[in-house]
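Open the model in your viewer and keep the selection panel handy. We will go from stop to stop, picking residues and looking at what surrounds them.

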Amino acid sequence: MTDAFDGIRILDFTQLEQGPSATQVLADFGAEVIKVERIDKGEIGRFQPPFLAGGYSPHWSATNRNKKSISVDVKSTAGRDLIHTLAKDADIVASNFRPGVMDRLGLGWEQLSKINPRIIVAYASGYGLSGPYTHRRGQDLAAQAISGLMALTGSQDTGPVPTGTFMIDYLASMQFAQGMMIALAAREKTGRGQVVDSNLLNAAITSHLQEGTTYLNTGQRFDRPGAGIAHAHNTALYGYYEAADGLWFTLIGEFYVDQQWQRAARACDLPREVAEDPRFQTIEGLREHPRETHGLLADAIAKYPRAEIMARFEAEDVLVAPVHDYDAVFDDPQVRHNGLVLESEVDGVGPVKFVGMPVSLSDTPARLRHVPPTIGEHNDDVLTAAGLSPQRIAELKAAGVVGSERDRERAGGAAAWS
């Protein structure tokens, strides 16, 4: 099978989510991603609880499939020289440390581009490579706060609310992957590598680019909506409601249909005079009466079980969707059909499930080629491919420049993740 990024080699220094999710995208489509980890301990993401057998972290494994691992003391002269050797044939070096860390290690753009003019040095950070915030630690919640995303989220009653997951880490990782892909495409034209600069703050701000563009041009603010309404710009027809059985669903009734209020009112069996109330016949009118209209719908919806009221809305051609609790998400038939649950055997752990690849290609699809690696699992393979002799590899091991989890186990030690 042909893989889209077959022949692309990435030296991956990334940790946690923002970086590893990005390099995993390219790995899923065939890139050789060589994860460079600390001797024995590996990257810090391996220690995120909860754990499976032997201390194996599902959090960490979620972002590290299809990768190789080498474990190198990059602070040593020999370790830095070893990375320089690998960089000669690499296409990308990716990292998400604070700005300046890779340069201080001798592994930044200025050093690597002299070794390999075609190399792409990709940095992911909290705020960018320059500017007043470069000294700060980057973190998902901080980006949500500074960017205005939290101010948009929640209701007038709750105050600012963060997203329910590390959404900006993931969005920034996809932009990081996009930047690396664009740099690869540009190199086909120019023959040169370049720097990719991706950060959490930019990702968070561009997540609300429509609101931002509107504000910049009109001054219109987007204050938090009233309770039960999903967006400040929308009405009670764009919100979330609790049914009689305690289950929730979302109502998306403003779009795709005419007579929006009348359709929703009929679905809820509201009186005719309410359905035809002239105040509620336009979106502008509904925006002027959010609490009243939301209350009318909420009271009526609360009389029906979720399945029944959703069917009534669907009969009116009004879009609805269930609010899945987590135990329902991965049993959803469309989620299963889309291949978003993968399973493979991991040595010492047993069967492990993974969230699958979100994008499908008909000719060069992503695939699960390798489960996430143990620390330094591919030291010998990678260094041999780089031209090092078995004797030289043995010398590096003896000097503590490279090491692996399996080597330590064979010597009677414990696995790093236990």
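Start by selecting arginine 279, which is partly exposed because its relative accessible area is 35%; buried means under 20%, exposed over 50%, and partly exposed in between, with a 1.4 Å probe and protein chains only. A salt bridge here is a side-chain nitrogen of Lys or Arg within 4 Å of a carboxyl oxygen of Asp or Glu. Helices (H or I, at least four residues) and strands (E, at least two) are DSSP runs, numbered from the N terminus.

Before you move on, a note on the model: it is predicted, local features need pLDDT of at least 70, side-chain atom pairs count only at pLDDT 80 or more, and totals for chains, interfaces and linings use all residues. Residues are numbered from 1 along each chain as its sequence is written, and side-chain values use heavy atoms, with hydrogens and water left out.

How many salt bridges does the rule give? The count comes to 20. Side chains of opposite charge can pair when their charged atoms come close.

Select arginine 221 and aspartate 223 next, whose closest N and O atoms are 3.2 Å apart in a salt bridge. Arginine 221 counts as exposed, at 61% relative accessibility, while aspartate 223 is partly exposed at 45%.

Then go to arginine 406 and glutamate 405, a salt bridge with its closest N and O atoms 3.9 Å apart. Is glutamate 405 buried or exposed? Glutamate 405 is buried, with a relative accessible area of 0%, whereas arginine 406 is partly exposed at 26%.

For a network of salt bridges, pick Arg9, Glu32 and Lys68 together.

**Surface patches**

Switch to a surface view and select Glu343, Glu345, Asp347, Glu377 and Asp381, which gather in a patch of negative charge. Glutamate 343 sits in strand E12 (residues 341-346). Patches are made of residues with over 30% relative accessible area and no salt bridge, joining like charges within 9 Å and nonpolar side chains (Val, Leu, Ile, Met, Phe, Trp, Tyr) within 5 Å. Lys and Arg count as positive and Asp and Glu as negative, with His and the chain ends not counted. The place of a charge is taken as NZ of Lys, CZ of Arg, CG of Asp or CD of Glu.

Now select Tyr240, Trp248 and Val323, which make a nonpolar surface patch of about 250 Å²; accessible areas come from the Shrake-Rupley method with a 1.4 Å probe, and for residues only the protein chains shown count as cover. Valine 323 is in the loop between strand E11 (319-322) and helix H16 (326-329), and counts as partly exposed at 35% relative accessibility.

**Backbone stops**

Most residues other than glycine have a negative phi, and most peptide bonds are trans. With that in mind, zoom in on the peptide bond from proline 49 to proline 50, which is cis, with omega near 0°. Proline 50 lies in the loop between strand E2 (32-37) and helix H2 (58-61).

Leucine 16 is not a glycine, yet has a positive phi of about 65°. Look for leucine 16 in the loop between strand E1 (9-12) and helix H1 (20-28). Tyrosine 256 has a positive phi as well, near 75°, and is exposed, with a relative accessible area of 72%. Its loop runs between strand E10 (248-252) and helix H11 (260-267).

Next, colour helix H10 (residues 209-218): of its 10 residues the number buried is 1, so the helix lies largely in the open. Glycine 219 follows H10, with a positive phi near 80°.

**Zooming out**

Finally, colour by domain: the assignment, automatic or from a database, gives domain 1 (9-207 + 338-411) and domain 2 (238-317). The C-alpha centres of domain 1 and domain 2 lie 46 Å apart.
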